[in-house]
Amino acid sequence: ADFDLRAARDSFSTDPRAPRPDGGQFVRGKVKPQMLVDLALALRATVVAKQWPLALCMICRLEKFQMPEGRGRILLDLSKAECEVWHACTVKKEDPTSKMLLSAEAQEEREVETRLRSIKLLEQCIMIAKRIEADDLVEECAVVMWNISRELMCDQNRFRVHKALQKCLELLEEMQSNRLIPLRVQLHFEVAHCEEQRDAFNELQKYPTGPPAVPDSEFSASVAVESLEALGTANLPTLKRLGPCERKEIMARVVQVCKENEKPPDVAQSKTQAATGQKGPPESAESDLEALRVNIMAAVMSMPEAKDGEEARKLVDQAVASLGKWKPPDNDEGKLTLWLELWTRLGRQCLLPPMNPSIGAKYALMCSIQGLGKVDSPIPKYALEERLRWRGACHALCGEVFASLINPLEQEKESLAKLRRMSVEQFERCCDYAIATSNLALASFGASALWNVALPFMDSAETRALLVEPFSKAARALAA
């Protein structure tokens, strides 16, 4: 409490020839362990205050001491990890050969490698903190590790921090940290996300690709496991994390894989057949179905690359024509789920550029109706959870369509209210499916979209009464 950080900073000198404050009587070998901890605490306070140049000098001095494992060493390494990341992201580096500043790509790679190196150091720190039963340092390490690794939670870099985040989560769960409950939730989400992508990648590896199709070395990172889930049941937000060029390259690889195989397995269908004991359809029908899936996904992935709305509309027309040639049987849950998924993905892409907003809304509404049959149809009985999840996503799409058609500048009050009520009704149905499937992602999206579209209804007691039941369902969905 008596430590004056500003005075220490003003009197600090990096010149080794400068006179020492103790008159030269201080011997480094006689430093007590508690004094080393106090010095490390002063360093930590400097880092928290974001006095980075002073912190770098303090780290340089402290590393000259023989710092044993314990609180002092953990605090030193915590500060060192943050300072190294700051230095890599802020201070430009010259290429040793050309003596010029690093290119943007090289600088980005430098930052990524520095973050990964710091995360490894923090992983060691959190293990030592757990061993010495310093719960406060475990929490401190977890927070710093999360802050440093946030920039790496995309594309291929996510898998490089998965192990460290998982270990961090396990330690926080073991000590039942109540102060960091929000961080534990975030860690649960990221770890589960990585595991889902890894499982999807392992599932894809079952395809008999052969040597020339897609080499394993290209799968590990740059081919981004996320988009390869298009062969199964990928989540649309995951696909959106990739850039346009990556999506185009990945889809080309997916098409190549499927074309080089005569009968790739249908994972969803095989699970359904195993549960019901049914025999599969003829191989030619399965191949045609897989080809249809690939064609639709290729159209969906190509739409963002279209040069204008007209070209995107042609891609939608082609996809609609392909889907119109196939109708799933009513007793096949796997194919009914696939039917819903394809229509929902296609409809959602219609709401995005470069599609014309009004034309895209009409196409998206048509896709919703095709997938659901009726926008007010009840929840089907005895349906698989995956199918119910996609029905909820399709209702959410329908609600977005109605919300996108709202134009307060050109529409009358009655028309605006009708569109809002229709949108609220669809998001309410989305929450119904979230309750039925206990799906948090569906509940979060449905509840937030419901709140946004219903906000103008709060001004009147008459319209507020219409929101009691929808808001109640949204609250139950979030609590499920």
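This is a predicted model: local features need pLDDT of at least 70, side-chain atom pairs count only at pLDDT 80 or more; totals for chains, interfaces and linings use all residues.
1. Cysteine 168 is in no disulfide, and the nearest cysteine sulfur, that of cysteine 141, is 8.5 Å away.

2. A word on conventions before going on. Residues are numbered from 1 along each chain as its sequence is written, and side-chain values use heavy atoms, leaving out hydrogens and water. Local features need pLDDT of at least 70 and side-chain atom pairs count only at pLDDT 80 or more, while totals for chains, interfaces and linings use all residues.

3. Cysteine 168 counts as buried at 1% relative accessibility, and cysteine 83 is buried with a relative accessible area of 1%. Buried here means under 20% relative accessible area, with a 1.4 Å probe and protein chains only.

4. Next, a helix pair. Helix H2 (residues 33-48) packs against helix H3 (residues 52-62) at an angle of about 160 degrees, with the axes 9 Å apart. That makes the two roughly antiparallel, a label for angles over 145 degrees. Axes are lines fitted to C-alpha atoms over the stretch in contact, and angles run from 0 to 180 degrees between N-to-C directions. Helices are DSSP runs (H or I, at least four residues), numbered from the N terminus.

5. Who makes that contact (heavy atoms within 4.5 Å)? From H2 come Leu39, Ala40, Ala42, Leu43, Thr46 and Val47, and from H3 come Trp52, Leu54, Ala55, Met58, Ile59 and Leu62. They divide into 11 nonpolar, one polar and no charged. In this count Ala, Val, Leu, Ile, Met, Phe, Trp, Tyr, Cys and Pro are nonpolar, Asp, Glu, Lys and Arg are charged, and the others, Gly among them, are polar.

6. Helices H15 (residues 309-324) and H16 (residues 333-350) pack at about 165 degrees, with their axes 11 Å apart, and are therefore roughly antiparallel to each other. The contact joins Val316, Ala319, Val320 and Leu323 of H15 to Trp339, Leu342, Trp343, Leu346 and Cys350 of H16. Its residues are nine nonpolar, no polar and no charged.

7. Finally, do visit glycine 446, in helix H20 (residues 440-454). Glycine 446 is buried, with a relative accessible area of 0%. Leaving aside residues up to four places away in sequence, glycine 446 touches Phe427, Cys430 and Cys431. Glycine 446 and cysteine 430 are 16 residues apart in sequence, yet 5.7 Å apart in space, C-alpha to C-alpha.

Notes: Buried means under 20% relative accessible area, exposed over 50%, partly exposed in between (1.4 Å probe, protein chains only). A disulfide is a pair of cysteine sulfur atoms within 2.5 Å. Angles under 35 degrees count as roughly parallel, over 145 as roughly antiparallel, 65 to 115 as roughly perpendicular and the rest as oblique. Contact means heavy atoms within 4.5 Å.
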